[in-house]
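User: Hi! Could you walk me through this model before I set anything up?

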Amino acid sequence: MDCSPPGSSVHEVLQARILEWVTLLIAFICVRTSFWTSYSAYSYFEVVTICNLIMILAFYLVHLFRLYRVLTCISWPLSELLHYLIGTLLLLIASIVAASQSYRQSGLVAGAIFGFLATFLCLASVWLSYKISCVTQSTDVPLSFGPCHAAYRSLVP
């Protein structure tokens, strides 16, 4: 059963997550191979990027192997939404701190830029996931209680 609205697909969301994963990996590599000007700022940036990489990979594998059908005790849309909201906020904070502590070191600046790009991709992924999972569930409910609602109620047993 495909529950995606017309014009969007789960394939687009998975492509966005792969692009997000690659962007986070590039940001991590840029920061890891550069000379650090602030140990605490860049170690925080590394922790946030690694945690996001692991969680994106975990959710990608859940969708790829359709584990959400087997593990029904977990609300997957809610857990994914919470992950992306919290992860996006932490990544935004880490990117701001990394950009402010870069002191014109090219690798650190590149890592911060890729961090901001990954933050934007996280927001896009949240929006695409919401558009696919929540909007399709709400389209089954009639929005008005006028004459159309009465006709709808007469058809439903």
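User: Great. What is the mean pLDDT of the chain?

Analyst: This is a predicted model, and the mean pLDDT of the protein chain is 80. Of its residues, 77% reach 70 or more.

User: And over which residues is the pLDDT below 50?

Analyst: One such stretch is residues 1-7, where the pLDDT is below 50. Beyond near neighbours in sequence, residues 1-7 have nine contacts in the model. Residues 141-156 also have pLDDT below 50, and that stretch has four contacts beyond near neighbours in sequence.

User: OK, new topic. Which residues does UniProt list as "transmembrane region"?

Analyst: The UniProt record, an unreviewed entry, lists residues 42-61, 81-100 and 107-130 under that name.

User: How much of residues 42-61 is helix in the model?

Analyst: That span is 100% helix and 0% strand, and its end C-alpha atoms lie 28 Å apart. For residues 81-100 the end C-alpha atoms lie 29 Å apart, and the span is again 100% helix with 0% strand.

User: Nice. Now the charged side chains: how many salt bridges are there?

Analyst: The count comes to two. One of them joins the side chains of Arg17 and Glu80, at 2.2 Å from N to O. Arg17 sits in helix α1 and Glu80 in helix α3 (residues 76-100), so this pair links distant parts of the chain, 63 residues apart.

User: Are Arg17 and Glu80 buried or exposed?

Analyst: Both Arg17 and Glu80 are buried.

User: What does Glu46 pair with?

Analyst: Glu46 forms a salt bridge with Arg32, and their closest N and O atoms are 3.3 Å apart. This pair also links distant parts of the chain: Glu46 is in helix α2 and Arg32 in helix α1, 14 residues apart.

User: Why is Glu46 classed as buried?

Analyst: Because its relative accessible area is 10%, and buried means under 20%.

User: Last one, Ser34. Where is it found?

Analyst: Ser34 is in the loop between α1 (10-32) and α2 (39-64).

User: A loop residue, then. Buried or exposed?

Analyst: Ser34 is buried, because its relative accessible area is 18% and the cut-off for buried is under 20%.

User: Which residues is Ser34 in contact with?

Analyst: Leaving aside neighbours within four places in sequence, Ser34 is in contact with Gly107 and Leu108. Residues 107-130 are one of the spans that UniProt lists as "transmembrane region".

Definitions and conventions:
Residues are numbered from 1 along each chain as its sequence is written. Side-chain values use heavy atoms; hydrogens and water are left out. UniProt positions are given in the numbering used here, feature names are shortened, and annotations may be inferred rather than shown by experiment. Helices (H or I, at least four residues) and strands (E, at least two) are DSSP runs, numbered from the N terminus. pLDDT is the predictor's confidence in each residue, from 0 to 100. Contact means heavy atoms within 4.5 Å. Buried means under 20% relative accessible area, exposed over 50%, partly exposed in between (1.4 Å probe, protein chains only). A salt bridge is a side-chain nitrogen of Lys or Arg within 4 Å of a carboxyl oxygen of Asp or Glu.
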